[in-house]
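Welcome, and thanks for taking a look at this one with us. Please open the sequence and the model side by side, and we will walk through a few helix contacts and an annotated site.

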Amino acid sequence: MAAQRAARTKDEVDHPSSPVLQFGPDKPLKLDAGTLLSPFQIAYQTYGTLNDARSNAILVCHALTGDQHVANTNPVTGKPGWWEVLIGPGKIIDTNRFFVICSNVVGGCLGSTGPASTNPATGKPYGLDLPIITIRDMVRAQAMLIDHFGIEKLFCVLGGSMGGMQVLEWAASYPERVFCALPIATGARHSSQNIAFHEVGRQAVMADPDWHGGKYLDFGKRPEKGLAVARMAAHITYLSEAALHRKFGRNLQDREALTFGFDADFQIESYLRHQGMTFVDRFDANSYLYLTRAMDYFDLAADHGGRLADAFAGTKTRFCLVSFTSDWLFPTEESRSIVHALNAAGASVSFVEIETDRGHDAFLLDEPELFAAINGFIASAARARGLSA
């Protein structure tokens with residue numbers, strides 16, 4: 001089964017099962033690294049129908065390990081879309097009413113150009129020859145996709161974590177193209193602690209003997225052990241101590257006593273190992289390096305003279321920010337600082353802090369308060385936009 005998933009992942013890199021938009025040499029992607037990426041492609045999914053006025057489009061931005069399969073069965077894992085609980089016919093983001101777009105970010109590994117993609121100059125995977133990608137680069141590419149649909153102004157852009165960073169960048173870079181924005185469980189910059197956790201993960205990948213300086217695909221290898229450890233370490237940051245204790249405590253895994261060895265005696269150990277093993281079957285190790293680096297480099301205030309409010313100067317976009325009380329990866333203070341900056345910029349902004357012990361991953365789970373907040377904000381913005389119910 002693992003070998004089959006790995007094969008499907010490889011197939012999805014250059015020729016994904018989802019729609020693909022290709023940009024030739026005449027439409028290069030200008031990167032913050034100071035170079036051009038050309039040619040390149042974006043893999044995406046759409047749900048619902050774009051209305052005649054092209055005013056009902058919602059762009060969903062995925063998190064670090066997400067993809068474009070937000071509301072459909074994932075072709076690699078066979079699992080439901082990562083936000084199907086929120087998006088679909090008759091759901092809070094109703095695809096009978098809205099036209100929903102979700103693209104795999106540039107630098108990803110499920111169809112958009114990334115380090116596992118074939119470099120047309122060599123006929124081999126890019127590996128580390130791909131230039132460094134930033135959050136702003138991802139958003140520039142998404143804007144080119146939105147242009148392809150002939151959409152001048154998105155009704156809403158929303159996403160959590162790295163997806164929330166993209167939402168903020170959209171609002172800062174293209175304020176005239178975003179009617180309302182919903183950044184969830186995110187920050188305007190990556191903290192030093194978050195950078196530290198990411199560096200541990202990257203070093204785990206690069207220390208794997210099968211990494212081969214990033215050229216592992218040329219050798220028919222994958223740094224599975226290193227990537228699994230990176231995923232295990234990161235996954236801990238997505239949870240909370242309360243949630244871990246509630247779910248696992250110090251319960252033993254399939255045994256009645258300690259083994260006095262280094263097998264997975266505890267359920268939490270077994271759980272993390274499972275998370276690591278399943279992750280390597282669906283995700284490219286170099287993409288993990290590139291996307292964590294993109295998050296590390298994100299600092300919206302620094303891009304605007306060190307003053308976050310200046311990133312939103314004059315904006316007419318409506319904002320709703322959501323945080324979770326147990327999220328220590330992007331604590332509530334991060335959202336409050338964005339809210340203060342938006343207030344200073346004279347923006348229309350609302351803010352919701354949701355009480356939960358589920359940690360950072362709460363935005364992906366069935367959280368009634370989150371759904372109520374999103375539903376209320378979307379409904380109010382839709383009325384203001386003139387979108388009939």
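How close do the axes of helix α4 and helix α5 come, and at what angle do they cross? This is a predicted model, and in it the two axes come within 7 Å and cross at roughly 165°. An angle over 145° counts as roughly antiparallel, so α4 is roughly antiparallel to α5. The crossing of this pair is right-handed.

From α4, the residues in contact are Phe197, Gly201, Ala204 and Val205, and they meet Gly226, Leu227, Val229, Ala230 and Thr237 of α5. Sorted by class, the contact of α4 with α5 holds six nonpolar and three polar residues, with no charged ones.

Now to another pair of helices. The axes of α2 and α3 come within 9 Å and cross at roughly 70°. These two helices are therefore roughly perpendicular to each other, and their crossing is right-handed. On the α2 side the contact is made by Ile135, Arg136, Met138, Val139, Gln142, Ala143 and Ile146, while α3 brings Met162, Met165, Gln166, Glu169, Trp170 and Ser173. The contact of α2 with α3 divides into eight nonpolar, three polar and two charged residues.

Here are both pairs together, with the residue range of each helix.

| Helix pair | Residue ranges | Axes come within | Crossing angle |
|---|---|---|---|
| α4 and α5 | residues 192–207 and residues 224–238 | 7 Å | roughly 165° |
| α2 and α3 | residues 135–148 and residues 162–173 | 9 Å | roughly 70° |

Which residues does the UniProt annotation "binding site" cover? In that unreviewed entry, the annotation covers Arg231 and Asp361. The two span 131 residues in sequence, yet their C-alpha atoms are not more than 14.0 Å apart, so they gather at one spot. Both Arg231 and Asp361 are included in the lining of the largest pocket.

Finally, a wider view of the chain. The unreviewed UniProt entry places the feature "domain: AB hydrolase-1" at residues 56–365. Over that stretch the chain is 34% helix and 15% strand, and the C-alpha atoms at its ends are 25 Å apart.

How values were computed: Residues are numbered from 1 along each chain as its sequence is written. This is a predicted model: local features need pLDDT of at least 70, side-chain atom pairs count only at pLDDT 80 or more; totals for chains, interfaces and linings use all residues. Side-chain values use heavy atoms; hydrogens and water are left out. UniProt positions are given in the numbering used here, feature names are shortened, and annotations may be inferred rather than shown by experiment. Helices (H or I, at least four residues) and strands (E, at least two) are DSSP runs, numbered from the N terminus. Axes are lines fitted to C-alpha atoms, for helices over the stretch in contact, and angles run from 0 to 180 degrees between N-to-C directions. Angles under 35 degrees count as roughly parallel, over 145 as roughly antiparallel, 65 to 115 as roughly perpendicular and the rest as oblique. A crossing is left-handed if the near helix is turned anticlockwise from the far one by less than a right angle, and right-handed if clockwise. Contact means heavy atoms within 4.5 Å. Ala, Val, Leu, Ile, Met, Phe, Trp, Tyr, Cys and Pro count as nonpolar, Asp, Glu, Lys and Arg as charged, and the others, Gly among them, as polar. On a 1 Å grid over the protein atoms alone, a cavity is a set of points where a 1.4 Å probe fits but cannot get out, and a pocket is an open set with protein on both sides within 12 Å along at least five of seven lines; lining residues have an atom within 4 Å of a point.
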